[in-house]
Amino acid sequence: MELPTLPVEAPPVEIEVAIRDRDMDYSVSNQTDLACDPAKARLRVFMYDLPPLLHFGLLGWKGEKDQVWPNLSNKSQIPSYPGGLNLQHSMEYWLTLDLLSSNVPNIGHTCTAVRVKNSSQADVVFVPFFSSLSYNKHSKLLGKEKINVNKILQHKLIHFLFGQKEWRRVGGKDHLIVAHHPNSMLDAREKLGSAMFVLADFGRYPAAIANIEKDIIAPYRHVVKTVPSTKSATFDERPILVYFQGAIYRKDGGVIRQELYYLLKDEEGVHFTFGSVKGNGINEAGQGMASSKFCLNIAGDTPSSNRLFDSIASHCVPVIISDDIELPYEDVLDYSEFCVFVRAADSLRKGYLLNLLRGIGRERWTKMWDRIKEIVHEFEYQYPSQSGDAVDMIWQAVSRKVSKIKSNRNWKRKNRYQRSELLLKNS
């Protein structure tokens with residue numbers, strides 16, 4: 001039975017403005033023969049020339065004496081990011097490359113964010129520390145080490161930032177730090193908590209350090225291959241109703257995975273099994289998702305996971321079972337148009353989930369599938385960046401956040417004399 005379409009309330013005016021703003025084309029600066037023009041950019045960014053050991057040095061890159069950055073004019077000299085699960089938290093790499101290339105002619109990418117050399121001209125200050133890579137590569141003690149390299153690098157970063165006039169100017173509130181891996185920046189996040197973070201979610205952060213008011217939620221970089229729209233299987237070409245393959249036994253909020261596994265594993269049309277990236281695991285997962293109508297995205301150790309973005313890349317309608325999840329650019333993107341949201345408690349009621357999904361017929365599913373194909377590029381990381389891809393969308397989100405913070409600051413300035421003026425009127 002086809003489920004009825006529920007009425008949707010009109011979005012608030014500020015959201016309509018944000019959506020309209022998102023759809024503006026800033027690719028005037030998608031110039032191939034010139035470097036980006038800061039005067040035309042939506043976001044002007046000052047980026048510190050941090051020592052290479054905090055960024056591309058972590059990828060094994062070694063420049064000439066006193067060389068801080070790779071030469072982007074020669075693509076073969078740009079170090080690649082490690083594959084596998086490392087890739088899912090690689091946005092620090094893509095954002096840094098994008099800023100560097102904004103000053104280089106003949107690159108041919110969007111210029112939504114442009115690097116400026118004078119911090120007084122900047123809307124935001126970018127800190128190019130590859131924190132997720134640092135955690136993945138150097139969080140374990142080796143040999144006789146008493147403190148791991150990841151901690152050492154974080155302390156070096158703190159020492160550097162606290163010594164900069166840009167940080168001291170407003171206590172780091174206009175700084176942007178990427179800490180996408182949930183365990184990255186563990187030793188520095190409290191001291192640098194005044195900055196704007198780019199995160200996967202808020203699962204391992206106290207609200208005083210990270211929150212939706214000041215921080216950015218960025219999509220994971222999917223690890224399965226994106227299905228070309230022309231080769232995407234239709235409703236009738238997808239034999240699997242519900243798909244989940246991954247870690248089942250998780251701690252914290254992820255206990256629900258285990259409960260759902262025992263509830264669904266023997267049901268008709270359900271593929272619910274353990275899986276990993278080892279062997280051919282990633283390709284198997286990609287093929288399974290691309291053959292399924294719905295893909296379960298269940299809370300794990302943290303509210304979010306890469307599985308949502310693998311689902312989108314596979315054009316498999318995501319079913320989100322994670323009550324505390326925050327979603328990338330949700331202020332301008334309506335996820336209910338292409339995702340199914342289910343409360344955790346409801347998903348554990350016998351029969352509830354499958355009855356809900358079986359009630360979504362071909363017509364309604366196809367509308368969601370079509371919408372996924374329209375927005376899938378918004379979750380693609382690439383270099384050079386292109387209009388409306390993940391890099392571009394993150395910079396737009398930063399721009400909206402900066403504008404909001406500035407607006408609130410100006411409002412407070414404007415109203416700081418209000419109480420005194422009221423006292424004068426009443427005297």
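Is Ser304 buried or exposed? Ser304 is buried, because its relative accessible area is 8% and the cut-off for burial is under 20%. The structure discussed here is a predicted model.

## Surroundings of Ser304

Ser304 sits in the loop that runs between β9 (292-298) and α8 (307-313). Its side chain makes a polar contact with the side chain of Asp201, at 2.5 Å.

When neighbours within four places in sequence are left aside, the residues in contact with Ser304 are Ala200, Asp201, Tyr220 and Ile325.

## Aromatic pairs

How many aromatic pairs does a search of the whole structure find? The search gives 21. Among them is the pair of Phe235 and Trp365, with ring centres 5.6 Å apart and planes at 65°. The pair is edge-to-face because that angle of 65° is over the cut-off of 60 degrees. Phe235 belongs to the loop between β6 (216-217) and β7 (240-246), whereas Trp365 belongs to helix α11 (residues 362-375), so the pair ties together parts that are 130 residues apart in sequence. Both partners are buried: Phe235 has a relative accessibility of 15%, and Trp365 has a relative accessible area of 0%.

A further edge-to-face pair is formed by Tyr335 and Phe379, with 6.5 Å from centre to centre and 65° between the planes. This pair also links distant parts of the chain, 44 residues apart. Tyr335 is in the loop between β10 (317-321) and β11 (340-341), and Phe379 is in the loop between α11 and α12 (390-415). Tyr335 counts as buried because its relative accessible area, 1%, falls under the 20% limit. Phe379 is buried as well, with a value of 2%.

## Aromatic cluster

Which residues form one aromatic cluster? The members are Phe56, Trp69, Tyr81, Tyr93, Trp94 and Phe130.

## Charges over rings

Two cases of a charged residue over an aromatic face are described here. Lys293 lies over the face of Phe235, at 4.8 Å from the ring centre.

Technical notes
Residues are numbered from 1 along each chain as its sequence is written. This is a predicted model: local features need pLDDT of at least 70, side-chain atom pairs count only at pLDDT 80 or more; totals for chains, interfaces and linings use all residues. Side-chain values use heavy atoms; hydrogens and water are left out. Helices (H or I, at least four residues) and strands (E, at least two) are DSSP runs, numbered from the N terminus. Buried means under 20% relative accessible area, exposed over 50%, partly exposed in between (1.4 Å probe, protein chains only). A polar contact is a pair of N or O atoms within 3.5 Å; within protein, one must be able to donate a hydrogen and the other to accept it, and residues adjacent in sequence count only if both atoms are side-chain atoms. Contact means heavy atoms within 4.5 Å. Rings of Phe, Tyr and Trp (its six-membered ring) pair if their centres lie within 6.5 Å; planes under 30 degrees apart count as stacked, over 60 as edge-to-face and the rest as tilted. A charge sits over a ring if NZ of Lys or CZ of Arg is within 6 Å of the ring centre and within 35 degrees of the ring normal.
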